[in-house]
Amino acid sequence: MGTISETRTALPTGTWQVDPVHSTVEFSVKHMIVANFRGGFDAFDVTVDEAGIRGTVEVASVRVSEPNLTRHLLSPDFFDAERHPQLSFDSATIGITDDELVVDGELTLKGVTRPVAIRGTVSGPVTSFDGSSRLGLELETLIDRTAYGLDWNAPLPTGGFAVGNDVKLHAELELVLAEEA
Amino acid sequence: MQILGIAGSLRSGSINAQLLQLAAGTLPDGVEFAVWEGLRDVPPFDQDTEETPSVAVAGLRSAVAAADAVLIATPEYNGSIPGTLKNALDWGSRPGATNVFRGKPVAVIGASPGAFGGVWAHEETRKILGIMGARVVDAGFSLGKAPDRLAAPDEELVTQLHEVIESLLAEATIRSAAA
């Protein structure tokens, strides 16, 4: 507040690649109706360029705090990593008002492609210690996992199910401007 | 293609073993069917002995590993899966990350003298296999009034078995193509 700044209407030009060390791709879902359970993926790739925002996530890199759950998540009951090793996103349109992002695109998960609407923010770019330009994106969307065939659940003794159907996907991305060849 | 049959009942004359034999008679050309006979010899699951599994456990694992798909036919005991079968699956589920059932196409069927065919046990078995990481196919059925139905298998039963086998083979084909 109070500083003079240009109104942002587009993402910066150039090709921006994700810095995985300083980025996270995570999900959260209701567990036992009452709590948010969080997990994430350790291997992913994101590119921002003139064509938009594209990302892939290696399903086998799913990370939760319980190894048995990790294995179950990889199985056909959930992500089916054997047949669908990646999930991906490809933007169609990107709307920017100041630093607020509205991104429409398609999410492909377990072989099912569906439109999703992502909201988020954009920060930067700033110049890093090594002279590289860094751009920040924080992106979030809500999906119904059952629409992608991730149907597993377990009924609770007094009604309801152990795992929610709505899953929040959240990415905090630091992207580096690629040097022109 | 090779399908491994596992019966959840030990007794001679088991109607579930009969059901597997009937399934073996519905196979397309080029598909082999073998029944795993080691259930009786599997010791109680004990993590202390995991590093030195018994011959029966090793036999189960190698038989499942060698098969392209598995067909389980199980009775229902007291509303659930027989303890012997659950015990064998517990052995088969280890080690968790690389167990031989992981990604393996598996179908669950079964028979009982009662009206409902053991449906609870079959749902339970599917749940167990899913958590183990198997690819549990949707096709499957619970054959009620089984002694009569098996004494003179009708076209409906043969068709049901055929659909289960075809479903297993379809999944196994996708898996082998990707390997």
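Trainee: Why are helix 2 of chain B and helix 3 of chain B called roughly perpendicular to each other?

Mentor: In this predicted model, helix 2 (residues 55–66) of chain B and helix 3 (residues 83–92) of chain B pack at an angle of about 70°, with their axes 10 Å apart. Angles of 65 to 115 degrees count as roughly perpendicular, and the two helices are therefore described as roughly perpendicular to each other.

Trainee: Which residues make the contact between helix 2 of chain B and helix 3 of chain B?

Mentor: Helix 2 of chain B contributes B:Val57, B:Leu60, B:Arg61 and B:Val64, while helix 3 of chain B contributes B:Ala88, B:Trp91 and B:Gly92. Sorted by class, the contact has five nonpolar, one polar and one charged residues, and Gly is counted among the polar ones.

Trainee: What makes A:Ile94 partly exposed?

Mentor: A:Ile94, whose place is in strand 7 (residues 86–97) of chain A, has 17 other C-beta atoms within 10 Å. A residue is buried at 20 or more such atoms and exposed at 12 or fewer, so A:Ile94, with 17, is partly exposed.

Trainee: Which residues is A:Ile94 in contact with, leaving aside its neighbours within four places in sequence?

Mentor: Apart from those neighbours, A:Ile94 is in contact with A:Leu11, A:Gly52, A:Ile53, A:Leu101 and A:Val103.

Trainee: How many residues of chain B are in contact with chain A?

Mentor: Seven residues of chain B are in contact with seven residues of chain A, and the side of chain B that touches chain A has two nonpolar, four polar and one charged residues.

Technical notes: Residues numbered from 1 in each chain as written. Chains lettered and ligands numbered in written order. Predicted model: local features only at pLDDT ≥ 70, side-chain atom pairs only at ≥ 80, totals over all residues. Axes fitted to C-alpha atoms, helices over the stretch in contact; angles between N-to-C directions. Helix = DSSP H or I, 4+ residues; strand = E, 2+ residues; numbered from the N terminus. Parallel < 35°, antiparallel > 145°, perpendicular 65-115°, else oblique. Contact = placed C-beta atoms within 7 Å.
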